[in-house]
Amino acid sequence: MKEVSDKVASAEDELQKMAEAELPFLRSDKDQDMESLISEADKVSTRVHASLAEAQTFVARKLVEVARFSDGPGQTVKEEVDMLQKRLEEGRERLQQFRSSIADRKRSHLLQEVEAKVSAAEEEVKKMTEATESLGGGGKAGEPISENLSEAVEQANHAERAAQASVVTARKHLVQKTAELKKLAMAGAGSGSGSELGRLQT
């Protein structure tokens with residue numbers, strides 16, 4: 001009986017580490033490295049899953065062994081093992097909630113990254129538009145090009161290259177993060193991200 005209790009206690013220790021891994025998300029500190037927090041939470045989730053699976057397998061084997069005994073001490077042991085198995089099932093439910101929570105945070109973080117890249121690209125396009133608007137009064141055909149106009153053309157060219165580079169970067173980022181969001185959706189945790197990504201693509 002001690003072996004079964006030890007396996008369940010070990011799984012519950014891992015569950016405690018899972019709860020500790022969730023604390024940084026609850027603090028809402030903007031300076032946190034969300035990428036590393038999510039990565040660490042995924043690792044903890046994998047360890048908890050393995051620990052729970054191992055403990056449940058062990059408990060199931062012990063239940064089969066205990067089933068051979070009918071009355072008396074065998075019944076008492078069976079009740080204790082059943083109680084331990086129930087604790088493991090509760091741990092599985094907590095793990096599922098944790099995984100769902102982490103997947104939601106990951107989806108939200110990915111969308112924020114894409115929005116930041118799209119906003120940066122929009123800002124560069126705005127700068128390019130402002131730079132090209134100053135070219136409107138450039139003079140008439142046959143007139144010599146003024147120094148100011150040459151400088152304005154150079155600034156407009158620079159703004160155009162920066163805007164193109166920013167748009168390309170945003171598109172690459174969008175494609176990459178879309179693939180990651182699709183993986184999350186396939187895992188059952190990314191509902192609603194398609195419409196948000198569609199909005200960002202336009």
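## Burial and overall fold

A residue is called buried here when its relative accessible area is under 20%, exposed when that area is over 50%, and partly exposed in between, with a 1.4 Å probe and protein chains only. By that definition, buried residues make up 31% of the 202 residues in the chain. This is a predicted model, in which local features need pLDDT of at least 70 and side-chain atom pairs count only at pLDDT 80 or more, while totals for chains, interfaces and linings use all residues. Residues are numbered from 1 along each chain as its sequence is written, and side-chain values use heavy atoms, with hydrogens and water left out.

The chain holds five helices and zero strands, where helices (H or I, at least four residues) and strands (E, at least two) are DSSP runs numbered from the N terminus. Read along the sequence, the pattern is therefore α-α-α-α-α.

## Nonpolar cores

A nonpolar core is a set of buried Ala, Val, Leu, Ile, Met, Phe, Trp, Tyr and Cys residues joined through side-chain atoms within 4.5 Å. The largest such core has 23 residues, of which Met 18, Val 48, Leu 52, Val 59 and Leu 88 touch the most other members. Helices H1, H2 and H3 each supply at least two residues of this core, and the largest share, ten residues, comes from H2.

Val 59 shows which residues meet around one of these positions: leaving out residues up to four places away in sequence, Val 59 touches Val 4, Val 8, Val 81, Gln 85 and Leu 88. A second, separate core of five residues includes Ala 103, Leu 110, Leu 111 and Leu 184.

## Salt bridges

Side chains of opposite charge can pair when their charged atoms come close. With a salt bridge taken as a side-chain nitrogen of Lys or Arg within 4 Å of a carboxyl oxygen of Asp or Glu, the count comes to 15. One of them joins Glu 3 and Lys 62, with 3.8 Å from N to O. Because Glu 3 lies in helix H1 (residues 2-27) and Lys 62 in helix H2 (residues 34-67), this pair ties together parts that are 59 residues apart in sequence. Lys 62 counts as buried, at 19% relative accessibility.

A network of salt bridges links Glu 14, Lys 17, Glu 40 and Arg 47. Glu 14 is buried, with a relative accessible area of 15%, whereas Lys 17 is partly exposed at 40%, as are Glu 40 at 36% and Arg 47 at 38%. Leaving aside neighbours within four places in sequence, Glu 14 is in contact with Arg 47, Val 48 and Ser 51.

## Other side-chain features

His 109 lies in helix H3 (residues 73-133) and is buried, with a relative accessible area of 14%. The side chains of His 109 and Glu 35 are joined by a polar contact of 3.2 Å; a polar contact is a pair of N or O atoms within 3.5 Å, where within protein one must be able to donate a hydrogen and the other to accept it, and residues adjacent in sequence count only if both atoms are side-chain atoms. Apart from neighbours within four places in sequence, His 109 is in contact with Met 34, Glu 35 and Ile 38.

The charged end of Lys 7 sits over the ring of Phe 58, 5.7 Å from its centre, the criterion being that NZ of Lys or CZ of Arg is within 6 Å of the ring centre and within 35 degrees of the ring normal. Glu 79, also a residue of helix H3, counts as partly exposed at 49% relative accessibility. Glu 79 and Leu 63 are 16 residues apart in sequence and 9.6 Å apart in space, C-alpha to C-alpha.

Terms used
Contact means heavy atoms within 4.5 Å.
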